[in-house]
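Dear colleague,

Please find below the structure that I am handing over to you, with its sequence.

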Amino acid sequence: MSAPTQIWPQDFAQTYRDKGYWRGVTFGEWLDEIAEKYGPATAMVAGDTQLSYTQLRSAAQLYSAGFVARGYQPGARVLVQLPNTAQFLPVVLGLFYAGLVPVYVLPAHRLREVVHLAVGSGARALIVAQSHEGFDYAPMARDALAQCPDLQEAFIDGAADDLTSLTALTHDTAPLEQPVARAPGDVAFLQISGGTTGFPKLIPRTHDDYIYSFEASAQICAVTAQSSYMVALPAAHNFPMSSPGFLGALSVGAKVVFALSPAPDTAFPLIAAQRITHVGLVPPLALLWMQAAPKTTHDLSSLQVLNVGGAKFTPEAAARVKPVLGCTLQQVFGMAEGLVNYTRLDDPQDVIIHTQGRPICPDDEILLLAEDGTPTPPGVPGILHTRGPYTIRGYHNAPEANHRSFIDGGYYCTGDIVLRRPDGNLEVQGRAGDHINRAGEKVSAEEIEDHLIAHEAVFDAAVVSVPDTFLGERSCAFVVLHDDQKVSPAALKAFMRARDIAAFKIPDQIIFTAKFQTTAVGKVDRKSLRAALKETHFAPQTAKSTPETPA
Ligand code: OOB
């Protein structure tokens, strides 16, 4: 398995260095910088654990010594699947300090995704929680070890049995006093893509590019040493990690507070107790918070900035943020592949409410192209393509995906249909690819279809996104059964669940249909099929009653 790399053309790399975007610092060195600069200040609060910057570095150094002592070589990949607990940050920073490459797995992911990511990254180890939201990770970790020959070891944050105890890693070793040397242009970690086709792809981010993106974000979001940033979304997501995220917050000496759940009953008391100033949410959660805030007895008055992103936030909802929550809305339109846009805190209300902002960096280049690849005229929406100092030039080990997703000149095709206003701000209007943006989680239509077709009764399936008041979008699967076969929607959902996949991929709705339209040559073009099904069943003017899935 080749080690992940990420390479910008020489002239671009030189420009990014010359302009100071790439500081030439690795994550290990960065941890030393912040520990030395902010030493006694509180870096992290999670449950009953509170660590200063000095203590956070010490905790990371202990983990890193443990990894080194167990023979993990610089550059080795380690899957990290931890919820927002006190271990997340020390473990991840410990991996960086030991020169290892975290691969971020969401707590919601299950065996199938874990195996896919372990194999795709050539990971040597997996780190899991004992349990989270009723799911017990140890059996899954054992199955992953059995299925992935390169995976040597699973660490568990809890009772270990035959697995390795995460805390035992920090015993019997002296903390590593210096970070294991890496080059700033090396891949620091692998993020997973939301993806439009098949399984998630791996996104290699370098020390140089990522550190730039969150340090610049902290400035744009006005996070300072006096701020308290709450990690409400799963910490493994790019959004709460770097936009401005816990890394942006740490880069300026702020306090980072981990919430185990973003639900108001967990988050609101924490906001009051920790005087939270900044937090990032996906639109459905922002709606939930706005619903709950007027009735809460908890003091939310410390909130200064609410970042909302991951999916389109409607102007109606956006306009209510300030009156209801009393803080400034800052829209974030970003992607794990790189480019992040923000509305600026001092923008006029019209910009804050109606746009998804503009890029972080003056050297973020943006191209809006029509379907045929020609640039759209000013004022006409196009498919957003981008390149810049923190946008990847290719996925890890994925020649086909790279061929589809990157065009001449190295621009990444985001698949988002975007309008660029004369003031430079972007409005996201839709997307060209077929995925479902379910409350900010991107689910590939193709991936769900593949799971459905694996059922013996299913002849064919097409999955579409349907507007949903709460989730933004939900998934609806159209299913054609083999002649003489019968299966209930509930049974199909249970079948999918048993395939060990993240629950957010199970279709929200299943509609059985007799057959799919084919093209003139008898082939089913998935893209037009999905579009036609959506049009027939869900277009507002033509929407007709459809057999709903029983709950
Ligand atoms: C964030 O990252 P991903 O990688 O999960 O998803 C990226 C995609 C974008 O291409 C776009 O389709 C959608 O999510 N998206 C938005 C949006 N923010 C993201 N669509 C409409 N409006 C927005 N504000 O989702 C992500 C990464 C960093 C920061 C924030 C979000």
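The model is predicted, so local features need pLDDT of at least 70 and side-chain atom pairs count only at pLDDT 80 or more, while totals for chains, interfaces and linings use all residues. Residues are numbered from 1 along each chain as its sequence is written, and side-chain values use heavy atoms, with hydrogens and water left out.

Ligand site

The ligand has 17 residues around it, and those that come nearest are Gly310, Val332, Ala336, Asp416 and Lys442. Here a residue is near a molecule or strand if one of its heavy atoms lies within 4 Å of it.

A backbone N or O atom of Val332 is 2.7 Å from a nitrogen atom of the ligand. A polar backbone atom of Ala311 lies 3.4 Å from a nitrogen atom of the ligand. From Lys442, a polar side-chain atom lies 2.8 Å from an oxygen atom of the ligand.

On its own the ligand has 600 Å² of accessible area, of which the protein covers 93%. Accessible areas come from the Shrake-Rupley method with a 1.4 Å probe, and for residues only the protein chains shown count as cover.

Helices (H or I, at least four residues) and strands (E, at least two) are DSSP runs, numbered from the N terminus. By class, the shell holds seven nonpolar, seven polar and three charged residues. Ala, Val, Leu, Ile, Met, Phe, Trp, Tyr, Cys and Pro count as nonpolar, Asp, Glu, Lys and Arg as charged, and the others, Gly among them, as polar.

Sheets

Strand β16 also belongs to an open sheet of nine strands with mixed pairing, in the order β2-β1-β13-β12-β14-β15-β16-β17-β18. Its edges are β2 (49-52) and β18 (358-359); each has a single partner strand, so one side of each is left without a neighbour in the sheet. Two strands pair if DSSP finds at least two bridges between them. Four bridges link β1 (residues 42-46) and β2 in the antiparallel sense, and Leu51 in β2 is the bridge partner of Met44.

Another open sheet has four strands, in the order β19-β20-β21-β22, with antiparallel pairing. At its edges stand β19 (365-369) and β22 (426-431), each with a single partner strand, so one side of each is left without a neighbour in the sheet. Strands β19 and β20 (residues 382-387) run antiparallel and are joined by five bridges; Leu369 stands opposite Ile383 in β20.

Backbone details

The peptide bond from Ser243 to Pro244 is cis, with omega near -15°, and Pro244 is found in the loop between α8 and α9 (245-251).

Asp161, in the loop between β8 (153-157) and β9 (164-165), has a positive phi, near 50°. Asp161 is exposed, at a relative accessible area of 69%; exposed means over 50%, buried under 20% and partly exposed in between (1.4 Å probe, protein chains only). Asp484 has a positive phi, near 65°, and is found in the loop between β26 (472-481) and α16 (489-497). With 81% relative accessibility, Asp484 also counts as exposed.

With kind regards

How values were computed. A polar contact is a pair of N or O atoms within 3.5 Å; within protein, one must be able to donate a hydrogen and the other to accept it, and residues adjacent in sequence count only if both atoms are side-chain atoms.
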